[in-house]
Amino acid sequence: MLPDTGVCPSLAKDGAPRSALESSCRRIPVSAHLAGVGLLIAFLSTLGCFVRAPGVGMNMAEGDTLISVDYEIFGKVQGVFFRKYTQAEGKKLGLVGWVQNTDQGTVQGQLQGPISKVRHMQEWLETKGSPKSHIDRANFRNEKVIVKLDYSDFQIVK
């Protein structure tokens, strides 16, 4: 719970500063401190950083930045249920997008969702995949911050 506007959390109940370093808090209202924190978070977001308050969960409703990224996976990734497992993992993480086989023997697609979930899926695509697959490498490109999701679920494109 946030303190009342104008009340400094570093002051003892009698109004005396708790430490010499915190005495400047008497001159700056808490609302100004909170505004500064908001500006810092907005600035870091523009740099692609994500700042999370302690105890706040990681989901879209609580401010996790949405991103979109294209991917292509190389190796033994066709004929081993790679698309099916990719779709299942994406849905499990709450991501949307698509996955398809290519004529070059790779699997490609697009992921969209909260950055933390997309990062988890990227690691899964690079290191795990389906049980019978063998991943040589994964390429990720066209990563961008998005305002809203372009898809409503995770599809296998045939």
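I count two strands as paired if DSSP finds at least two bridges between them. Helices (H or I, at least four residues) and strands (E, at least two) are DSSP runs, numbered from the N terminus.

I am working on a predicted model, where local features need pLDDT of at least 70, side-chain atom pairs count only at pLDDT 80 or more, and totals for chains, interfaces and linings use all residues. Residues are numbered from 1 along each chain as its sequence is written, and side-chain values use heavy atoms, without hydrogens or water.

**Sheet.** I looked up the strand order first. The open sheet has five strands, β4-β1-β3-β2-β5, with mixed pairing. Its edge strands, β4 (134–145) and β5 (154–157), each pair on one side only. Strand β1 (residues 66–76) runs antiparallel to β4, and nine bridges join them. Within this pair, Ile67 stands opposite Val145 in β4.

**Helix on the sheet.** I then checked α2. It touches β1, β2 (96–101), β3 (107–114), β4 and β5 (contact: heavy atoms within 4.5 Å).

**Aromatic pair.** I found one aromatic pair (Phe, Tyr or Trp rings, six-membered for Trp, centres within 6.5 Å; planes under 30 degrees apart are stacked, over 60 edge-to-face, the rest tilted). The rings of Phe82 and Trp124 have centres 6.2 Å apart and planes at 45°, so I log the pair as tilted. Phe82 lies in helix α2 (residues 82–93) and Trp124 in helix α3 (residues 115–127), so the pair ties together parts 42 residues apart in sequence. Both Phe82 and Trp124 are buried (under 20% relative accessible area, against over 50% for exposed and partly exposed in between; 1.4 Å probe, protein chains only).

Terms used
Axes fitted to C-alpha atoms, helices over the stretch in contact; angles between N-to-C directions.
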